[in-house]
Amino acid sequence: MRVGRSKLVRATGLLLVALVACDEPNAPGSSYFDERIEPALKVGCVSQTAGCHLASLDGTATGNLDLSSFDALMRRSDVLPAYGPYPVGLLLLKGSAPVDVAVETYDPPDGADADERVVRITTDVRHNAGAGIALTSDTSNLLKQWIANGHTRTGTPRPRLSVNEGECTSGAGHDPRFDPKAEPKDKASFDAFRRDVEPLLHSTCSGGTCHGSPIADLYLACGDTEEEVRWNYFIALQHVTTPASLSEILRRPLALASGGSFHEGGDVFASTEQEGYRTLRTWAEDVAENSPELLRDDDPNEGLRFFANRVQPVLVRKGCMFLNCHSPSMFHDLRLRGGSQGVFSRTATRRNYEMSKALLAYESSDPNDSRIIAKNLYPGTDVPDGQGMAHRGGFLFEDFGVDTNGPIAARADLCDGVDADSGDLNEIPAYCVLRRWHAIERDAAIASGELPAEALGGVVWVSRPDGAGVVDDFDTFRGGADLRFASAVVDDTGAVTVEASTSLLADCGLGNNPDVRTPAVSWDATRIAFAARDAASDPLRLYWMDADGANCEPVPDVAPSKDEENGILTHDFDPAFAPDGRIVFASTRGHLGTGYAYEGPTRTPSRLQPNANLYVFDPDAKDVRELTFLLNQELSPSFMADGRVIFTTEKRAREFHQFAGRRQNLDGGDYHPLFAQRDSVGLAAAREIIELPNRNWSSSPGPRRVGRRRHPRHRQPLHRSRPG
């Protein structure tokens, strides 16, 4: 007999006493899932949590996980298999007690045992409902067996056989540690690889849809040339560790039932007794025993070493590497490699390091500007002292408990006295470990000259009269403007002190009543660019100067040949420096070249304003190239941390007008809509977009946060500021 949801909720107390005490499933249904699995899930994950994981009338369920039927569960089948470093899947780990994981490190945590290169952590995967399934219970064992057999409706084991599809790919891969011209250090293991392992990998793994894809961590080339064989040998070694039995290259292709681990491509070897597996194991064991020096990175930098020893174990402990969280299958920027049961290939560790470092705002003196930190802290909307931002995964670095006023938000002074370098990772706050990593990377960047020693040297901005127009009001002359500079310092608390400002226009020859717009600072802090004119009859032109205001002049070789065409001034304005020194800017000069329906400047269909598109100027080549080609405004470019351009575009239709965000590669590809598309995500407009250090976007005027990106890393002591 099935119990209705309302009756089930009303009878929760009685059901808990009867079912939890006996650990017995409900009455059988019509399939193995109905008879055995669904009742177990109802007891452990539904009844004991007052119906949390049952879909409501609108189809939503707590945690986006509906356990009401087999089909509902299969929509989130990612919560079932043991993935990456975790011995059980997300469903069992969140619904039961924490588990211990030995995470491989670069260095031995205990200096007395040089061979013990693991740190033992206890998972801290938080679940609002607590533990509803005991790990040693019959229910837990039943679920584990069902999941291991392929979690089918019938309970019948489902083989996950690998299919090596597609043609192999020619050409060795690229890695800064790989020298295709260098002879392998260990000729014996290389010869054994060429003779025995290379043919095996070619026949089982190197298809174009498998490891023949250059984006794979274990990218395998065809092996037709000496360089390709050397690459395959090199990348295979990156997936071998000591002891060899723990190596990803041995555990990932092996069936789960035989001691393997999750492999997206399925099972290559059903057992350890298959001839191919024995061949691979023999080679790996020989390398581990006779040439263990090949299985270590050559002197990794301090940041990478700290990441491997301390940060990566913290990310494992906090549950960041589950299949539908931060795995490579996800769409976001932090796609962490999960390794195999706590063991990470050196390629996986390096890629995890590089992706995590890209979200670490070490250009800022405040670690909380880092997206990887801020996403795991309480937002100020939830906790008064919170310094974080919303995160679907929760506030994972908030380990400081509560007091009489509520949750204690993470802050710098709470890390005083915490040994982030060698303290027990199960005891010390994760926030303090990430702060320490930020300090290591920041100090290294300053020492190398990548960053200035001072977080901020000054601020440059345009001062304009009140009511001086908005982002698209560039054609109207607005005299009385000035380009100002003020020295600035940041104290230990992050507070900015700005000194008295001075004008930078004295040597520019712009007269006493200039119209000035949009300053930009080059990434190496040597130049400031802006747009200006000194009369309404003249178009805006690009100027640049040294950082101290000296040598101010119009940017050479960029202005169009005519100041006016078709009754339209040919303005150049809104400059933005690319990391390589090129300048992206807006201009009304019209399309370059021939073959367009309209040559020369045009007006926008919606408001008959001079139409601006974006252009790219290369000072070295003295060349101007058109970047956008639309009949509406494309304005105010700036750069993301990864080098892509973001800008404001005008959207128009009958009885509709809006400024929205766009993104584009500097080569002209991937023109992509962003936020504020017809009031998307509650934004009426997005103007003058920049990316902040935490990778959120900021827009002016209007709502401050309009997205999830970061302002480019400034390697100079000057920052841009815009009024409003």
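Modeller: Helices here are DSSP runs of H or I with at least four residues, and strands are E runs of at least two, numbered from the N terminus. Counted that way, the protein chain has 14 helices and 24 strands. Please keep in mind that this is a predicted model.

Biologist: Thanks! How many residues does the protein chain have, and what share counts as buried?

Modeller: The chain has 724 residues, and 51% of them count as buried. Its accessible surface is about 32600 Å², and carbon and sulfur atoms make up 50% of that. Among contacts with a separation of 6 or more, 56% join residues 24 or more positions apart.

Biologist: Let's turn to a helix. How do you know what span helix H11 should have?

Modeller: H11 covers residues 302–317, which is 16 residues. The expected span is 1.5 Å times one less than the number of residues, so H11 should span 22 Å. Its end C-alpha atoms are 22 Å apart, and therefore the two values agree.

Biologist: Where does H11 bend, and by how much?

Modeller: The bend is at Ala308 and comes to about 45 degrees. As for cover, 14 of the 16 residues of H11 are buried.

Biologist: What makes Asn301 a cap for H11?

Modeller: A side-chain oxygen of Asn301 lies 2.9 Å from the backbone nitrogen of Gly303, at the N-terminal end of the helix. After H11 comes Gly319, with a positive phi near 80 degrees.

Biologist: Now a strand. Why is S18 called largely enclosed?

Modeller: Six of the six residues of S18, residues 634–639, are buried, so the rest of the structure largely encloses this strand.

Biologist: What makes S18 and S19 a pair?

Modeller: Pairing requires at least two bridges, and four bridges join S18 to S19 (residues 645–653), so they pair. The two strands run antiparallel. Together S18 and S19 form a hairpin with five residues between them, and Gly643 in the turn has a positive phi of about 95 degrees.

Biologist: Is Arg589 buried or exposed, and how do you know?

Modeller: Its relative accessible area is 9%. Buried means under 20%, so Arg589 is buried. Arg589 sits in the loop between strand S15 (583–587) and strand S16 (613–618).

Biologist: What does the side chain of Arg589 make a polar contact with?

Modeller: It pairs with the side chain of Asp572 at 2.7 Å. The Arg589 side chain also reaches the backbone oxygen of Val558 at 2.8 Å. Beyond its neighbours within four places in sequence, Arg589 is in contact with residues including Pro560, Gly600, Tyr615 and Val624.

Biologist: Why is Glu565 called partly exposed?

Modeller: Glu565 has a relative accessible area of 26%, so it is partly exposed. This residue lies in strand S12 (residues 564–565). Leaving out residues up to four places away in sequence, Glu565 touches Thr570, Gly600 and Pro601.

Notes. Residues are numbered from 1 along each chain as its sequence is written. This is a predicted model: local features need pLDDT of at least 70, side-chain atom pairs count only at pLDDT 80 or more; totals for chains, interfaces and linings use all residues. Side-chain values use heavy atoms; hydrogens and water are left out. The bend at a residue is the angle between axes fitted to the seven residues ending there and the seven starting there. Buried means under 20% relative accessible area, exposed over 50%, partly exposed in between (1.4 Å probe, protein chains only). A polar contact is a pair of N or O atoms within 3.5 Å; within protein, one must be able to donate a hydrogen and the other to accept it, and residues adjacent in sequence count only if both atoms are side-chain atoms. Contact means heavy atoms within 4.5 Å. Accessible areas come from the Shrake-Rupley method with a 1.4 Å probe; for residues, only the protein chains shown count as cover.
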